[in-house]
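Let's take a walk through this protein together, with an eye on the contacts between its side chains. Have the model open and follow along.

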Amino acid sequence: MASPVAAQARKLLRDLALRPPLLAARSQAVQLTPRRWLNLQEYQSKKLMSDNGVKVQRFFVADSAKEALEAAKRLNAKEIVLKAQILAGGRGKGVFSSGLKGGVHLTKDPQVVGQLAKQMIGYNLATKQTPKEGVKVNKVMVAEALDISRETYLAILMDRSCNGPVLVGSPQGGVDIEEVAASNPELIFKEEIDIIEGIKDSQAQRMAENLGFLGPLKNQAADQIKKLYNLFLKIDATQVEVNPFGETPEGQVVCFDAKINFDDNAEFRQKDIFAMDDKSENEPIENEAAKYDLKYIGLDGNIACFVNGAGLAMATCDIIFLNGGKPANFLDLGGGVKEAQVYQAFKLLTADPKEPMSTRPKTSSVTVDSPLLQLWTWRMPPRSLWPAWLRSDSFILTLGGRRPLSHKKE
C-alpha cells in the first residue's frame, strides 16, 4: 500500500466504474470486484475524530450480542442506534443471511439491541455494494442516537489544481454532494488553505457562516472545522468528508458520519492507523498480491491482464473490449517492480481460485512500460518452461511504446 501507484490504481477503479459509454455498453456482464486500499470501519474513523477533539456521538463497539446489550445499558441514552460494521455502503437497506432486514436499527430498549445484535454478528450482510452473498459482520457499533435539526456538508481534501488542501462545504447536506454541485452550484463553497500557514480563523468562520450556522453555533462550527483540519494533517489524510455535519435541537454541532481517505505513501509514519486495516473483507488473492506490493482487481471476464502502469491498463482493457473480449482481472506491478514480483504475479494469475486449470483464460495480456521489464521480457525462459495454459494458448505481450507481440498456439 505504500507504493505510489496505489493512488493511480484507485483512480483506475473510479474511472472504470464511471465509464459506461465505453465499458458497460459493450458488456453489461462485466463487473468490478470492489477493491479498497486503507479504508477504516465507521467506528475506527469516529474514534480517530473523538481522540482529536472532534464532536461525535457517544458509542461502544461490540463483537457479541452480550457485549452489545451491556454497551446499550452503559450508554444510558434516550434512543440507541445499532449499526453493523462493514466497509460497504447501503447498510440500512441491506439484508442479513439470518433473515434480518436492515443493518441500521433505532430503538429505545437496550434488550432489543441485544436481540438485534444476535441476528447481525456472525451473519452475512448483503447490500448493493457487496457481493451477492454479502459480507460477514464481526462487529456492531452501539451509539447514542441524536436528533438532527439541520444537515450540512463539509470536506477537506487535497486538490492538485490548488497545490494543497481545500475546504469544501455546502449548507445542503445529507445528500450526494455531486447532485448539489450539478443542480445548485451556488451552494458549494470553497476555501483554499495555504499548507504552510494552515487554516485561518477567518476561513473557518467564513465557512461556518456559509454553511448557515448562526450565533453561538457559528463559533462552535468554526472550532470543529479547525479541529478537523488539524486531524487531516496529523494523520496524512487525502480527504476527510463529513456528511452530515449537523446541528442538534440542543445546540450542538456534531460530525454524524465521516469518511477518511489516507495517503498510502505515509504508511511508514502512520503505523498505528495502518495497523487498523481489516483485510478480512478482501478477496484472498488480493491479500496475497499485497504481500508482494502488487495491486490486484478482480473482474469477471476471461482474459487475464498483467499490467505495468494504470494508463496502459486502461488502454489494454479498451482494446480487449473493442475486440469483443472481457478482462478477467487487472494486476498492476507498480513503478519500482523487481523481477521477483513479476514471478509472483505470474503465480497469482495461474493460481486464481476463480479460474480452475480446465477453464484458464484463452488469452493472457501482459502490458509492460519500464526498461527493467522490457529487459526482463527479452530474457524470458523458453516456452517449454512456461505454465501449461500460457504455453498452449494465445498470449499477448505489449511493451511500452512498441507493437504488441503475439505468441499464437503452435
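The paragraphs below go from charged pairs to aromatic rings and then to the nonpolar cores.

A word on conventions first. This is a predicted model, in which local features need pLDDT of at least 70 and side-chain atom pairs count only at pLDDT 80 or more, while totals for chains, interfaces and linings use all residues. Residues are numbered from 1 along each chain as its sequence is written, and side-chain values use heavy atoms, with hydrogens and water left out.

Let us begin with the salt bridges, each being a side-chain nitrogen of Lys or Arg within 4 Å of a carboxyl oxygen of Asp or Glu. The count comes to 13 salt bridges. One of them joins Glu42 to Arg91, with the closest N and O atoms 2.9 Å apart. Because Glu42 lies in helix α3 (residues 42-51) and Arg91 in the loop between β2 (80-84) and β3 (95-96), the pair ties together parts that are 49 residues apart in sequence. Helices (H or I, at least four residues) and strands (E, at least two) are DSSP runs, numbered from the N terminus.

Are these two partners buried or exposed? Glu42 and Arg91 are both buried; the term means under 20% relative accessible area, with exposed meaning over 50% and partly exposed in between (1.4 Å probe, protein chains only). For Arg91 the relative accessibility is 13%.

Stay with Arg91 for a moment. Its side chain makes a polar contact with the side chain of Glu42 at 2.9 Å, and the Arg91 side chain also reaches the backbone oxygen of Ala84 at 2.8 Å. Here a polar contact is a pair of N or O atoms within 3.5 Å; within protein, one must be able to donate a hydrogen and the other to accept it, and residues adjacent in sequence count only if both atoms are side-chain atoms. Counting contacts as heavy atoms within 4.5 Å, and leaving out residues up to four places away in sequence, Arg91 touches a list of residues including Lys83, Gly102, Val104, Leu125 and Thr127.

Two further bridges are worth a visit. The side chains of Arg58 and Glu144 meet in a salt bridge at 3.3 Å, N to O. This pair links distant parts of the chain, with Arg58 in the loop between α3 and β1 (59-62) and Glu144 in strand β7 (residues 140-144), 86 residues apart. Arg58 is partly exposed, with a relative accessible area of 39%, whereas Glu144 is buried at 18%. The side chains of Asp236 and Arg269 meet in another salt bridge, 2.9 Å from N to O. Asp236 lies in the loop between α8 (216-234) and β11 (237-247) and Arg269 in the loop between β13 (258-262) and α9 (271-274), so this bridge ties together parts that are 33 residues apart in sequence. Asp236 is buried at 14% relative accessibility, while Arg269 is exposed at 54%.

Now for the rings. Rings of Phe, Tyr and Trp (its six-membered ring) pair if their centres lie within 6.5 Å; planes under 30 degrees apart count as stacked, over 60 as edge-to-face and the rest as tilted. The whole structure holds 3 aromatic pairs. Tyr229 and Phe232 form a stacked one, 6.2 Å centre to centre with 25° between the planes. Both residues lie in helix α8, 3 residues apart, about one turn of the helix. Tyr229 is buried, with a relative accessible area of 1%, and Phe232 is buried with a value of 1%. The rings of Phe262 and Phe274 have their centres 6.4 Å apart and their planes at 65°, so this pair is edge-to-face. Phe262 lies in strand β13 and Phe274 in helix α9, so the pair ties together parts that are 12 residues apart in sequence.

Last come the nonpolar cores, which are sets of buried Ala, Val, Leu, Ile, Met, Phe, Trp, Tyr and Cys residues joined through side-chain atoms within 4.5 Å. Of the 42 residues in the largest core, Ile225, Leu228, Phe245 and Phe262 touch the most other members. The largest share of this core, 8 residues, comes from α8. Apart from this core lies another, of 24 residues, among them Ala84, Ala88, Phe96 and Leu125.
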